[in-house]
Amino acid sequence: MPQEANSGPNIWIVVPAYNEAARIGRTVQGLIHHFRNVVVVDDGSRDATFDSLKHLPVWALRHPINLGQGAALQTGIDFAVGHGADVVVTFDADGQHDVHDIQRLVEPVVSQRAEVALGSRFLGNDAVNMPTSRWVILKLGVLFTRVCSRINVTDTHNGLRALSRAAATKIRIRQNRMAHASEILDQIQYLGLKYEEVPVTVHYSDAVLEKGQQNSAAVKVAAQFLLGRMVR
């Protein structure tokens with residue numbers, strides 16, 4: 001298991017991964033130098049993602065079939081809370097996040113100013129190489145969220161977020177796929193959880209853009225979120 005790397009709050013990092021064999025090793029290596037508890041949930045990958053984790057000091061979980069990023073996050077969050085996490089951080093597997101942002105991200109939660117800290121690429125100038133089309137889609141997502149969920153955030157689909165143990169227990173992700181990001185924000189508002197946004201960096205590379213959510217999927221994600229919200 002991971003070696004002792006720090007003291008203080010028991011911070012767990014949850015990394016959902018699907019077909020990330022080429023990148024998961026590098027992402028995890030960056031995390032384990034700073035955090036002793038890293039949970040990677042292989043969401044039914046068809047490549048060697050799970051095998052890539054065998055010799056790394058992480059908790060490696062695996063879905064037998066692909067369920068979606070939301071389902072992988074809930075599996076990892078449940079595991080972390082069940083093993084005593086004080087703070088749960090969600091972190092994408094594809095290398096778009098910066099591990100050095102995490103300590104700044106968790107500070108509002110550790111200091112109990114907030115129950116949830118949300119990474120935002122728009123609070124500073126921290127979206128590196130982001131295409132204009134992606135900027136437009138994300139801004140429309142912000143408008144959609146403010147209208148539908150009435151939560152005033154600047155970045156709605158940032159995978160870097162920190163949850164207190166209490167918040168991680170209260171929030172239940174039922175949207176298995178990409179609509180989970182909107183669902184989490186909706187639940188923060190619905191449950192009255194205190195939240196704070198923190199500037200974080202997102203790096204856009206060709207690989208990230210190729211693997212990531214396509215702009216054309218935004219309408220489908222919005223429809224899935226609204227449908228799921230109707231049956232809450």
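Is D51 buried, partly exposed or exposed? At 43% relative accessibility, D51 counts as partly exposed (buried is under 20% relative accessible area, exposed over 50%, partly exposed in between, with a 1.4 Å probe and protein chains only).

## About the model

This is a predicted model, where local features need pLDDT of at least 70 and side-chain atom pairs count only at pLDDT 80 or more, while totals for chains, interfaces and linings use all residues. Residues are numbered from 1 along each chain as its sequence is written, and side-chain values use heavy atoms, leaving out hydrogens and water.

## Salt bridges

The whole structure holds eight salt bridges (a side-chain nitrogen of Lys or Arg within 4 Å of a carboxyl oxygen of Asp or Glu). One of them joins D51 to K54, at 3.3 Å from N to O, and K54 is exposed at 57%.

Another links R121 with D155 at 2.7 Å. Here both partners are buried: R121 has 4% relative accessibility and D155 has 3%. E107, R113 and E196 are also linked, in a network of salt bridges.

## The cavity

Now let's look inside. D155 turns up again in the lining of the largest cavity, alongside residues including L118, T156 and R161 (on a 1 Å grid over the protein atoms alone, a cavity is a set of points where a 1.4 Å probe fits but cannot get out, and lining residues have an atom within 4 Å of a point).

The lining divides into four nonpolar, three polar and two charged residues (Ala, Val, Leu, Ile, Met, Phe, Trp, Tyr, Cys and Pro count as nonpolar, Asp, Glu, Lys and Arg as charged, and the others, Gly among them, as polar).

Note on methods:
On a 1 Å grid over the protein atoms alone, a cavity is a set of points where a 1.4 Å probe fits but cannot get out, and a pocket is an open set with protein on both sides within 12 Å along at least five of seven lines; lining residues have an atom within 4 Å of a point.
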